Amino acid sequence: MKFDIKEEDLIIKPYKHAGPIYIREQKGYFQRIRRYLSWFLMLVFIGLPWITYQGQQAILFDVAHQQFKIFGATFLPQDFMLLAGVFMAGAFALFFVTNWLGRVWCGFVCPQTVWMLMFTWVEHKVEGTRNQRIKLDQGQWNLTKIQKKLTKHSIWLFMSLFTATSFMTYFIPASTLYTEMFNLQWSGLVCFWVFLFTLCTYGNAGFLREKMCTVACPYSRFQSVMFDKDTLVVSYDFARGERRGRRKRKDNPASLGLGDCVDCNLCVEVCPAGIDIRNGLQYECINCGLCIDACDQTMEKFGYKKGLISFKSEQQMAGKQAKPMRLKLFGYAILTVAVIASMIVWLLLRTPLEVSVIRDRSALYRLDYQGIVENPYTLSVINKTQQTLSYNIALDGFDGASLVAPSNIKVAAGQMVLVPVTISADQNDLKHRVHKVTFIVSALEDSTIYLEKQSYFYSE
C-alpha cells in the first residue's frame, strides 16, 4: 500500500505563529460568564478595603506592626497556622476544580487573564477591531497612530496605577493612602511599592500577556498531573470536523467530502494564547471557552449543530460514558472540606488573647531571712481584639501561695504589655522543691476572654 505523504505534513508546526497575538473581540455564552465574574471579582478586590467594621477598616494586613485585622479579629505572627490552612484549602480546591474542569481557573478568574482581557478590551475600543489593529501596527507612524497609541497606553497606565493603589489599600488604610497621595505625602517606601506594582501590572497585562500563561506560570506545566480521562477540557471533535474546508452556506458538506469545520480560523483569532485547538490538547490552552463561542456562532450561521468545539472529556470524545464521581476527584473534595472544617473549628476555639510566661533569668528563686521563697515572673499579655481591654491576673493550683500582680491592666488593641508578677510562699509549708502553678489572665469587659498558662515554682 502506498501513502501519498506531502512534505509539509512532516513539519511539526509550532503552537502559534511568531509575533504578537491580536485577539478578536468575541461575544457568547462563556464570554458573558467571564465578564460577569470579572466585574464581580474586580468590585470585590477594589471594594473590600473600603468596608469598615467597628470603626476600623474591616480587612487590613498591617505588615509594619505584624498584625492582620479581619472583621474585628486581629491575627498575629503566632496565628500563621491559619494562613497555612488557607493555602492548603486553596491548593486542594484548585486541584479539585482542575481535575473536574481543567484550567477553568486560568480562563475565568485568574487575575492575569482578567487584566489581560481588560487591557485587550481597551485596545479594541481605542485602536479598533483585530484587522484594524494589525493594519495600524504595520502602517507608518503618523499623527493618528501616535494619538491612538498615546491614548491606549495612558489608559493602561491609569488602570495599572489604580490597580497598584487598590492592592496597597490592603496593607495601608485606604483613607490614609489616598489622602497622602493627593497631598503628595507618600513615603519613599510607599512610592517604591506603588511604582513596582504599577509597572508589573502594565507589563504583564499590556505586553507579556499570554507569555505569562505559556512560559512563566508554573501551573500550566504541572496541570497534566491532575488531569485524567474524565477531566472536562476544551476539545475539538476531530471526527465530525474533518476534513475541514471552506464552503458556501448553502453547500452540502457531505457532497464535497468535507466535515463541519469551515476553516474560518476564528477559533484561533479569538484565543488569548494564540493556539489552534484543532491541533489537539495543548498545555497553553487556558480553557477560556472563547473558541467555543466563536465556533458555535459559525455553526449557527451555517445551520450546523453546535458543539464542534466544546467542554468534553477524553472518555466522551471516544464515545464512552463519563464518570462524574471518581476516586481522585472525591479525594480532592474531601481534603478541601477537611481543611476548611479544621480552620473553622480552630477559629471557633480561638481565644483573642495571647499570654506567655517568662521567668527571671537571674535567679530561679529568692529566699529572705523570714523563710519566704519568692519566684519572679514576667507575663507577656497580647490583646488580639480591636478594642482596648483591661485584664486581671489570678493564681490557681498552688494552695498557701500569694500572688503579687497589678490589677486592671489595660492593653490597647493589638498591643503587648509586659507585666511583672511575683509568687511567694513560706518555705516551711512547701512539701516539694518544684510546684506546678497556673496563671489565669481574664478580661474584665468580657468573661469569655481568658487564658490559662502553666509554669513552675522553685524552692530549696
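Is Arg-366 buried, partly exposed or exposed? Arg-366 counts as partly exposed, at 39% relative accessibility. The scale behind that word runs from buried (under 20% relative accessible area) through partly exposed to exposed (over 50%), computed with a 1.4 Å probe on protein chains only.

The structure is a predicted model, in which local features need pLDDT of at least 70 and side-chain atom pairs count only at pLDDT 80 or more, while totals for chains, interfaces and linings use all residues. Residues are numbered from 1 along each chain as its sequence is written, and side-chain values use heavy atoms, with hydrogens and water left out.

The pLDDT is the predictor's confidence in each residue, from 0 to 100. For the protein chain its average is 89, and 96% of the residues score at least 70. Helices (H or I, at least four residues) and strands (E, at least two) are DSSP runs, numbered from the N terminus. Among the elements of the protein chain, the highest mean pLDDT, 96, belongs to helix 6, and the lowest, 78, to helix 10 (residues 219-222). Over residues 1-15 the pLDDT is below 50, and this stretch has 8 contacts in the model beyond near neighbours in sequence. A contact means heavy atoms within 4.5 Å.

Helix 7 spans residues 174-182, and Ala-174, Leu-177 and Tyr-178 are buried there. These residues lie on the same side of helix 7, because they cover an arc of only 85 degrees around the axis. The arc is taken from the directions between the helix axis and the C-beta atoms. An α-helix has 3.6 residues a turn, so residues three or four places apart point the same way. The cover over the buried residues of helix 7 includes strand 2 (56-57), helix 6 (143-168) and helix 8 (188-208). After helix 7 comes Leu-184, with a positive phi near 55 degrees.

Two strands pair if DSSP finds at least two bridges between them. Strand 4 (residues 67-70) and strand 5 run antiparallel and are joined by 3 bridges. Ile-70 has Ala-73 in strand 5 as its bridge partner.

Charged side chains come last. Side chains of opposite charge can pair when their charged atoms come close. A salt bridge is a side-chain nitrogen of Lys or Arg within 4 Å of a carboxyl oxygen of Asp or Glu, and the whole structure holds 18 of them. One of these joins Arg-366 to Glu-374 (3.2 Å, N to O). Glu-374 is partly exposed too, with a relative accessible area of 27%.

Asp-260 and Arg-240 form another salt bridge (2.7 Å, N to O). This pair links distant parts of the chain, 20 residues apart: Asp-260 is in the loop between helix 12 (253-256) and helix 13 (266-269), and Arg-240 is in helix 11 (residues 238-241). Asp-260 is buried at a relative accessible area of 17%, and Arg-240 is buried at 19%.

In the salt bridge between Lys-211 and Glu-210, the closest N and O atoms are 3.4 Å apart. Lys-211 counts as partly exposed at 39% relative accessibility, whereas Glu-210 counts as buried at 6%. Finally, a network of salt bridges links Glu-123, Glu-127, Arg-133, Asp-137, Lys-149, Lys-152 and Arg-209.
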